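Please read them with the structure open.

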Amino acid sequence: MAADGYAAYGSYSISSAPEPARLEVTVQAVTHGEVSPYLVDVVEPGDQLEIRGSLGGWVVRRPGDPRPALLIGGGSGVAPLMSMVRAAMKPTRLLYSARSLSDALFTADLTTARAADDGRVAVTHVYTRVAPPGWPTPPRRLDAEALARVAWPRDADTVAFVCGPTGFVDTVADLLVDIGHDPVNIRTARFGPTGG
Ligand SMILES: Cc1cc2nc3c(=O)[nH]c(=O)nc-3n(C[C@H](O)[C@H](O)[C@H](O)COP(=O)(O)OP(=O)(O)OC[C@H]3O[C@@H](n4cnc5c(N)ncnc54)[C@H](O)[C@@H]3O)c2cc1C
């Protein structure tokens with residue numbers, strides 16, 4: 001809360017793996033937004049923020065759940081999925097849709113996860129506006145074909161987590177159902193209307 005009593009709030013997902021001593025959130029600045037540019041450009045080490053939560057228990061990958069997981073993130077929607085990638089104990093596939101390489105979050109961490117190539121985590125990017133030089137496909141939105149290439153077989157016992165802008169999440173959840181995934185095993189978190 002500011003000295004004059006003004007307060008603004010936002011919801012931000014935990015992007016670190018479960019650790020007792022450290023909590024990480026990842027914020028993408030939204031043009032003309034109120035909270036996110038403040039967190040990205042104004043807050044400095046030592047500033048105090050109030051934290052409420054954590055809230056929600058639906059988009060959570062529980063340690064006791066043995067099923068392989070398909071994680072699908074759009075934009076900053078990759079933040080809570082990164083927490084699952086970092087904690088991954090079972091097979092995990094991450095499909096990440098970003099506008100461009102410079103907009104993509106966690107590039108170094110995901111390169112490390114991919115390079116480890118121990119069968120634990122597979123990472124695939126889709127670029128919607130600008131693809132990096134030499135990228136095998138032109139920029140495009142995530143579609144059924146890209147999804148089917150990454151998704152586990154429809155008869156496998158898996159769970160999918162879809163996070164990102166509302167339109168992205170709705171589209172991807174519909175596509176997953178179209179390619180045969182049971183809606184009961186699709187968990188979604190909608191971050192709001194922005195997207196690209
Ligand atoms: C469960 C949950 C988890 C989330 N986790 C994350 C996360 O981990 N990382 C992350 O970056 N984000 C996350 N978000 C999104 C985040 O909460 C905010 O929505 C986002 O940061 C934008 O907030 P803001 O205050 O900066 O923008 P806002 O002020 O809310 O503005 C958002 C957009 O609306 C436009 N706008 C605002 N007011 C008006 C108006 N009066 N007229 C027209 N347009 C207007 C702005 O121009 C801007 O483009 C999450 C959301 C949810 C619900």
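1. The shell around the ligand holds eight nonpolar residues, twelve polar and one charged. In total, 21 residues surround the ligand. The closest are His32, Gly33, Val35, Ser36 and Ala79. Bear in mind that this is a predicted model.

2. The sheet is open and has five strands. Their order is β3-β2-β1-β4-β5, and the pairing is parallel. The edge strands are β3 (121-127) and β5 (186-190), each pairing on one side only. On average, neighbouring strands are turned by 10° against each other, direction ignored.

3. Strands β1 (residues 69-74) and β4 (residues 159-164) run parallel and are joined by five bridges. Within this pair, Ala69 stands opposite Val159 in β4.

4. Helix α2 (residues 78-87) packs on the sheet. It touches β1, β2 (92-98), β3, β4 and β5. The direction of α2 makes about 150° with that of β1.

5. Helix α5 (residues 166-178) also packs on the sheet. Its contacts are with β1, β2, β4 and β5. The direction of α5 makes about 155° with that of β4.

6. Is Val27 buried or exposed? Val27 counts as buried, because it has 20 C-beta neighbours inside 10 Å and the cut-off for buried is 20 or more. Val27 lies in the segment before α1 (35-42).

7. Which residues does Val27 touch, leaving out those up to four places away in sequence? They are Tyr12, Ser36, Leu39 and Val40. Ser36 is also among the residues closest to the ligand.

Note on methods
Residues numbered from 1 in each chain as written. Predicted model: local features only at pLDDT ≥ 70, side-chain atom pairs only at ≥ 80, totals over all residues. Helix = DSSP H or I, 4+ residues; strand = E, 2+ residues; numbered from the N terminus. Buried ≥ 20, exposed ≤ 12 C-beta atoms within 10 Å, placed from the backbone. Contact = placed C-beta atoms within 7 Å. Near = placed C-beta within 6 Å. Nonpolar A, V, L, I, M, F, W, Y, C, P; charged D, E, K, R; others polar. Pairing = 2+ DSSP bridges. Axes fitted to C-alpha atoms, helices over the stretch in contact; angles between N-to-C directions.
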